[in-house]
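Subject: Structure handover

Hello,

Here is the structure I promised to pass on. Please open it and keep it beside this note as you read.

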Amino acid sequence: MGYGSYGYGMMGYGWGWLMMIGMCILVVLGIIALIRYLRQSARPDDSQAASKTALDILNEIYAKGEISDEEYQRKKSEIKK
């Protein structure tokens, strides 16, 4: 009697189905991990913003013309205290 006469066919004792389901799960998890990685790498780098000092921010505001020279000098002296 051959292998097929036991009624298990090409899948053996059901392990073929488990392997197929396992591979599908791995593929789906891989796609999810790839999407998360791409989403995270597309975000702007927040480490530069966190490393700015108060004086750097004040200089940027002054350079943009959002505050007057007097206000800049006053705030600069307050920061340096």
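Below is what was found in it.

This is a predicted model, where local features need pLDDT of at least 70, side-chain atom pairs count only at pLDDT 80 or more, and totals for chains, interfaces and linings use all residues. Residues are numbered from 1 along each chain as its sequence is written, and side-chain values use heavy atoms, with hydrogens and water left out.

The fold: the protein chain has four helices and zero strands. Its pattern along the sequence is α-α-α-α. Helices (H or I, at least four residues) and strands (E, at least two) are DSSP runs, numbered from the N terminus.

The surface: of the 81 residues, 5% count as buried. Buried means under 20% relative accessible area, exposed over 50%, and partly exposed in between (1.4 Å probe, protein chains only). The chain exposes about 7300 Å², and carbon and sulfur atoms supply 63% of it. Areas come from the Shrake-Rupley method with a 1.4 Å probe; for residues, only the protein chains shown count as cover.

The rings: the whole structure holds one aromatic pair. Y62 and Y72 are stacked, at 4.2 Å centre to centre and 20° between the planes. Y62 lies in helix α3 (residues 54-64) and Y72 in helix α4 (residues 69-80), so the pair ties together parts ten residues apart in sequence. Rings of Phe, Tyr and Trp (its six-membered ring) pair if their centres lie within 6.5 Å; planes under 30 degrees apart count as stacked, over 60 as edge-to-face and the rest as tilted. Y62 is partly exposed, at 32% relative accessible area. Y72 is buried, at 9%.

Best wishes
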